Structures are given as C-alpha cells and as structure tokens.
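Have the model open as you read.

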Amino acid sequence: QVDLAEFGGGLVQSGGSLRLSCTASGVIFEDSAMGWYRQAPGRQRELVATITSEGKRNYGDSAEGRFTIERVKDTVYLQLTSLKPEDTAVYYCHIDGYYLDLGTSKYLEVWGQGTPVTVSS
C-alpha cells in the first residue's frame, strides 16, 4: 500500500506563491511518475504537472510557465507563482509506476486526498 502525504495548500492573494509537496511511502517504485492534478468546482480534473523518476517533466496548459515541478526521490514539489483566482482548486498528488512484488513487476496508481488552494482577488 502506498501513502501520499500532501502539504502546502492554503489561502493566498492574487499574485502570490505557494509550494506544495507530496511524499510517497510504503512501496519502492522501480520507475514512476509523480505529479499534481487539480479540480475546480464544477470542472473536470486536469493535469498540472508530472515528473518521472528520470526527471522528465510534463506540464499541463494550466501551468502556463508559472508553475515548476521538482522531485527528490519519492517527494515531489510544485512551486506555484503568480497565482490567479482561477487557480483556485483542490490539488491532488498522483503517482503511478512499477514496483517489485516477490520478483514480479507490478503496476500501481495512487491518488492523494487533495489539498485545497484558494486564491483571493
């Protein structure tokens, strides 16, 4: 079982910054992608950014060059800058990848509980 511990959400004024972090524990992945998605009220969940074990980054349109994702082992950081009210959403940490289970490689995907980010105008 994998646990994702998310930190860093909160209330910030427009133009401000926040740093989210998420640490995975419980399973040692051979290869994985960690990242963040977000869901605003009444909208579908959307990609913010992901990063693989090798450091390959993928940003969603919502990042717009304002967000930066970094990873140190099984902890992923999302730096949010120049925040806008439309960035208000619940931000979910996500990990998926392969781990060894008694010599067999298995796939696992896990979502975090979500951390709310509210940007006031």
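## The disulfide

Counting pairs of cysteine sulfur atoms within 2.5 Å as disulfides, you get one disulfide here. It joins C22 to C93, with an S to S distance of 2.0 Å. C22 sits in strand β3 (residues 18-25) and C93 in strand β9 (residues 89-101), so the bond ties together parts 71 residues apart in sequence. Strands here are DSSP runs of E, at least two residues long, and helices are runs of H or I, at least four, all numbered from the N terminus.

The torsion about the S-S bond of C22 and C93 is about -85°, so this disulfide is left-handed. Both C22 and C93 are buried, meaning under 20% relative accessible area with a 1.4 Å probe, protein chains only.

Skipping neighbours within four places in sequence, S21 is in contact (heavy atoms within 4.5 Å) with A5, E6, F7, W36, V76 and Y77.

## The whole chain

The protein chain has zero helices and eleven strands. Of its 121 residues, 40% count as buried. Among contacts between residues at least 6 apart in sequence, 55% join residues at least 24 apart.

## About the model

This is a predicted model, where local features need pLDDT of at least 70, side-chain atom pairs count only at pLDDT 80 or more, and totals for chains, interfaces and linings use all residues. Residues are numbered from 1 along each chain as its sequence is written, and side-chain values use heavy atoms, leaving out hydrogens and water.

Note on methods:
Buried < 20%, exposed > 50% of the residue type's maximum accessible area, 1.4 Å probe, protein only.
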